[in-house]
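The following exercises ask the student to read a protein fold step by step. Each task is followed by a worked solution.

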Amino acid sequence: MRKEKLQAATLGGTADEVEAAFYEALAKGDLERLVACWADEDDIVCIHPGGGRLVGIGAIRASFEALFANSAINATPLSVRKVESLASSMHNVIERIELKTPEGLRHGYVIATNVYLKTAQGWRMAVHHASPGTIDEARLAEAPAQMLH
């Protein structure tokens with residue numbers, strides 16, 4: 001069995017497990033594991049903070065390969081809000097990113113939307129759209145949700 005297929009088979013059975021595998025792959029700089037999290041569809045999309053739209057696994061793979069050339073990306077989900085259905089799951093995530101600077105370790109924040117689809121291979125990521133965030137947004141995300149009724 002090819003390495004890619006083995007990793008894809010061990011992702012888990014839920015969108016949450018695929019999301020955990022995605023963030024683990026980011027932290028380890030594991031390109032193959034990260035790619036295995038994505039759906040096998042032509043129109044999957046990734047948008048990095050401040051970047052353009054990347055469509056298809058080739059463009060997405062190349063972008064993460066370039067990012068990993070500098071180092072792994074330690075992104076910790078601080079808050080996840082979910083909208084789930086039978087065949088899709090949308091997660092809005094506040095990520096805390098560790099940044100190595102000349103002054104030492106710093107934290108940055110990213111607001112990401114991850115969309116997962118239930119495919120023949122199981123749950124897989126179809127969209128990762130990330131935008132720059134702020135510490136204030138991270139604090140608000142940690143506040144308890146308010147009831148509408």
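A nonpolar core is a set of buried Ala, Val, Leu, Ile, Met, Phe, Trp, Tyr and Cys residues joined through side-chain atoms within 4.5 Å. The model examined here is predicted.

**Exercise 1.** Determine which elements make up the protein chain and in what order they run.

*Solution.* Step 1: the secondary structure amounts to five helices and six strands. Step 2: read from the N terminus, the order is α-α-α-β-β-α-β-β-β-β-α.

**Exercise 2.** Describe the order of the strands in the sheet and identify those at its edges.

*Solution.* Step 1: the six strands form an open sheet in the order 2-1-6-5-4-3, and the pairing is mixed. Step 2: strand 2 (53–55) and strand 3 (75–84) each have a single partner strand, so one side of each lacks a neighbour in the sheet, and these two strands stand at the edges. Step 3: from one strand to the next, the twist averages 25 degrees. Step 4: within the sheet, strand 4 and strand 5 are paired in the antiparallel sense over 14 bridges; Asn92 stands opposite Thr113 in strand 5. Step 5: helix 4 lies across strand 1 (45–47) and strand 2, and runs at about 125 degrees to strand 2.

**Exercise 3.** Find the residues with the most contacts inside the largest nonpolar core, and the elements that supply this core.

*Solution.* Step 1: the largest nonpolar core has 30 residues, and those with the most contacts inside it are Phe22, Tyr23, Leu26, Leu34, Trp38, Phe64 and Phe68. Step 2: at least two residues of this core come from each of helix 2 (15–28), helix 3 (31–36), helix 4 (57–70), strand 4 (88–101), strand 5 (104–119) and strand 6 (122–132). Step 3: helix 2 provides the largest share, seven residues. Step 4: beyond four places away in sequence, Trp38 touches residues including Phe22, Ile60, Met125 and Val127.

**Exercise 4.** Is Phe22 buried or exposed, and which aromatic pairs does Phe22 form with Tyr23 and Phe64?

*Solution.* Step 1: Phe22 has 0% relative accessibility; the cut-off for buried is under 20%, so Phe22 counts as buried. Step 2: the ring centres of Phe22 and Tyr23 are 5.2 Å apart and their planes stand at 80 degrees, so this pair is edge-to-face. Step 3: Phe22 and Phe64 also form an edge-to-face pair, with 6.2 Å centre to centre and 90 degrees between the planes. Step 4: because Phe22 lies in helix 2 and Phe64 in helix 4, this pair ties together parts 42 residues apart in sequence. Step 5: Phe22, Tyr23, Phe64 and Phe68 form one aromatic cluster.

How values were computed. Residues numbered from 1 in each chain as written. Predicted model: local features only at pLDDT ≥ 70, side-chain atom pairs only at ≥ 80, totals over all residues. Heavy atoms only, no water. Buried < 20%, exposed > 50% of the residue type's maximum accessible area, 1.4 Å probe, protein only. Helix = DSSP H or I, 4+ residues; strand = E, 2+ residues; numbered from the N terminus. Contact = heavy atoms within 4.5 Å. Pairing = 2+ DSSP bridges. Axes fitted to C-alpha atoms, helices over the stretch in contact; angles between N-to-C directions. Phe/Tyr/Trp six-rings, centres within 6.5 Å; stacked < 30°, edge-to-face > 60°.
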